[in-house]
Structure formats: structure tokens, C-alpha cells
Amino acid sequence: MKLQASYGPVFLRIGLGLIFLIHGAQKWMGMDQTIGFFGQEGIPMASFTAYAVAGLEVLIGVAFILGLFTSVAAGVAVAIMAGAILFVNGSKGFAGGYEYDLLILLTAASLLFTGPGALKVPIGKG
């Protein structure tokens, strides 16, 4: 049973990693539009925040895919998605609004508690 359980987080981790990597790269490659969108949504310090979120999303994606620093990446992902709900989609209601953001937040929170599971890049001893 333990062997099977150790593979559960792998699917969440890799899937979530791809989502964060792709969304972060899209933000980064269209930074002018990202900054404009952040400003339009009333996100504080839109220019700085846009660069920070895009960069962090790319790093989170890579960390999740490789299984490195999973708890740290998950904590940052939870904060980013809480911000997305608070500043962007929360006022739109659940359906058609923040349900996707909440799913991503809860998936990241799950990884925060379970860790990376199996199939991670080994670093250090143990």
C-alpha cells in the first residue's frame, strides 16, 4: 500500500508543474500584456508583481516537475493562487470565476502536506 501511495503525489506534482510552467512562460513572453492586465485588475505594484508572479510560476513549475523543494514551491503556489482569487476571480463567483484557481490552490496545498512522492530528482544524502 505504501508503494502505491508514494506515486499519488507524482501525478499531481507533474501535472501542476506543467500548468505553472506554461502559465508562467506565457506571462513572461507577453510581459507588456501581463503588466497591463495586472494593472487593470488593481493588483498592487502591477509591474513588479507581474514579473515576480511570472518568474515564480516558472520556478514552481520546474520544482514540481523535478520534485525539488516541493513544500516551498507548494507554499508559494498557494499564495499565488490565493492572490488570483482575491484580486482577479473572486468577485466573479464560483462557477465561471474562481473554481479553477481554487482547484489549483487545493492541489498545491495537498502537495504541501504530502511532499513530492516517488520519482523525484535525488539531492543530498538520504
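Predicted model: local features only at pLDDT ≥ 70, side-chain atom pairs only at ≥ 80, totals over all residues.
Me: Leaving aside neighbours within four places in sequence, which residues are in contact with alanine 108?
Reply: Alanine 108 lies in helix α5. Its relative accessibility is 0%, so alanine 108 counts as buried. Once neighbours within four places in sequence are set aside, the residues in contact with alanine 108 are Leu16, Ala74, Ala77 and Val78.

Me: What distance separates the C-alpha atoms of alanine 108 and alanine 73?
Reply: Alanine 108 belongs to helix α5. Along the chain, alanine 73 is 35 residues apart from alanine 108, and the separation of their C-alpha atoms is 8.3 Å.

Me: How many helices and how many strands does the protein chain have?
Reply: Read from the N terminus on, the elements run α-α-α-α-α. The count for the protein chain is therefore 5 helices and 0 strands.

Me: Which percentage of the contacts with a separation of 6 or more comes from residues 24 or more positions apart?
Reply: Of the 126 residues in the chain, 37% count as buried. Among contacts with a separation of 6 or more, the share from residues 24 or more positions apart is 69%.

Me: How many aromatic pairs does a search of the whole structure find?
Reply: Rings pair if their centres lie within 6.5 Å. With this limit, the number of aromatic pairs found in the whole structure is 4.

Me: What geometry does the aromatic pair of phenylalanine 20 and phenylalanine 64 have?
Reply: The ring centres of phenylalanine 20 and phenylalanine 64 are 6.3 Å apart, with 70 degrees between the planes. The pair links distant parts of the chain, 44 residues apart, with phenylalanine 20 in helix α1 (residues 2-29) and phenylalanine 64 in helix α3 (residues 46-66). Planes over 60 degrees apart count as edge-to-face. The geometry of this pair is therefore edge-to-face.

Me: Not counting residues up to four places away in sequence, which residues does phenylalanine 20 touch?
Reply: Phenylalanine 20 is located in helix α1. With residues up to four places away in sequence not counted, phenylalanine 20 touches Glu57, Val58, Ile60, Gly61, Phe64, Ala77, Met81 and Ile104.

Me: What relative accessible area does phenylalanine 37 have?
Reply: Phenylalanine 37 and phenylalanine 38 have ring centres 6.4 Å apart and planes at 65 degrees, so their pair is edge-to-face. Phenylalanine 38 is buried, with a relative accessible area of 7%. Phenylalanine 37 is partly exposed, and its relative accessible area is 35%.

Me: What positive phi does phenylalanine 69 have?
Reply: Most residues other than glycine have a negative phi. Phenylalanine 69 has a relative accessible area of 58%, so it is exposed. Although phenylalanine 69 is not a glycine, its phi is positive, at about 50 degrees.

Me: Where is leucine 119 found?
Reply: Leucine 119 is not a glycine, yet it has a positive phi of about 60 degrees. Its relative accessible area is 58%, so leucine 119 is exposed. Its place in the chain is the segment after α5.

Me: How far apart are the mean positions of the 6 positive and 5 negative charges?
Reply: The accessible surface comes to about 7400 Å², of which 73% belongs to carbon and sulfur atoms. As for the charges, the mean position of the 6 positive ones and that of the 5 negative ones are separated by 22 Å.

Conventions. Residues numbered from 1 in each chain as written. Heavy atoms only, no water. Helix = DSSP H or I, 4+ residues; strand = E, 2+ residues; numbered from the N terminus. Buried < 20%, exposed > 50% of the residue type's maximum accessible area, 1.4 Å probe, protein only. Contact = heavy atoms within 4.5 Å. Areas by Shrake-Rupley, 256 points an atom, 1.4 Å probe, with all protein chains shown as cover. Lys, Arg positive; Asp, Glu negative; His and termini not counted. Charge placed at Lys NZ, Arg CZ, Asp CG, Glu CD. Phe/Tyr/Trp six-rings, centres within 6.5 Å; stacked < 30°, edge-to-face > 60°.
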